[in-house]
Amino acid sequence: MTFTGLVGATFWLPLRAIIALCVRLRIHPNVLTFTGVLINVAAAWALALGHFVTAGVIMTLANIFDFIDGKVAGELELSSDFGGFWDSVMDRFSDISLFVGLTYLYSTLGRTDYVMVTALATMFTILTSYTRARAESVVAKCKVGFMERPERIVLFMIGAFTNRMAAVLWVILVLSVATVFARIYYTWRALNDPEMQS
Amino acid sequence: MIRPERDLPMPFRAVWHALYWTFERATWQYDIMVILILAFVWLTPPDWIGDPMAHGQGPIGWVIGLVNHP
């Protein structure tokens, strides 16, 4: 088993118990999704105030809701097209909230350079999901690129807990740019390369 | 048509695969990428990247200081 596989398996055990509890209480997955967003807004507020450890704790809680909503929907047989759409939109809301919090923090500190790094990271984070959604309207699947939402969330938490948010922002920015261009290139090839079409 | 994943020589092909990422999570390639990212985040001295919230030289700076002033 790989190192990251082991980490995933370790966190899966407590999450399994929380999913079982939500299923027993028959909590609607859309409610879980929305609760996660509200908690993420609180995390963004903590980031804006520069309270990184508090933000990390709140983000961890928010992302539990974020992670389990789809699983609870599956187990309660409440999966729906609207649920998928709602989840995607709320995910963007959560993502952008955290970036807005950091933008506020760096602007109050008078750090225009990091306001720009955060703004660019926000731009390419939005483009990461947009390129995939748009690509999958013309090709079957477009899942290339490293920096997807789970990676971004974990990086945000690492940055908050260890007070290394600036380095995390650089990683998110560089790998999000790479992901966006990878998706553009992949879609172009899927539409033009006979080898990929066959 | 040029296909970088097989036409590029090493080490350019490795860089290509890191940027044009096609591997699944929990693979050895994913592990390496995660280790490289964590090394950058935790080892880069905050002062080098002008971190507005963290200061100091970090582990790398400490090692450099030790080498320069043993």
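I started with charges: I find two salt bridges between chain B and chain A, a salt bridge being a side-chain nitrogen of Lys or Arg within 4 Å of a carboxyl oxygen of Asp or Glu. In one, B:Arg25 pairs with A:Glu148, and the closest N and O atoms are 3.3 Å apart.

Before going on, I note that this is a predicted model, where local features need pLDDT of at least 70, side-chain atom pairs count only at pLDDT 80 or more, and totals for chains, interfaces and linings use all residues. Residues are numbered from 1 along each chain as its sequence is written, chains are lettered from A in the order written, and side-chain values use heavy atoms, without hydrogens and water.

Next I looked up contacts (heavy atoms within 4.5 Å): 31 residues of chain B meet 38 of chain A. The two chains bury about 3,000 Å² between them, 65% of it on carbon and sulfur atoms; that is accessible area (1.4 Å probe) lost on being put together, summed over both.

Then I turned to α3(B), residues 28-43, a helix in the sense of a DSSP run (H or I, at least four residues), numbered from the N terminus. Its buried residues (under 20% relative accessible area, 1.4 Å probe, protein chains only) include B:Tyr30, B:Met33, B:Ile37 and B:Val41. I checked what covers the buried residues: α1, α6 and α7 of chain A are among the elements, and so is α2 of chain B.

Definitions and conventions: Helix = DSSP H or I, 4+ residues; strand = E, 2+ residues; numbered from the N terminus. Expected span 1.5 Å × (residues − 1). Buried < 20%, exposed > 50% of the residue type's maximum accessible area, 1.4 Å probe, protein only.
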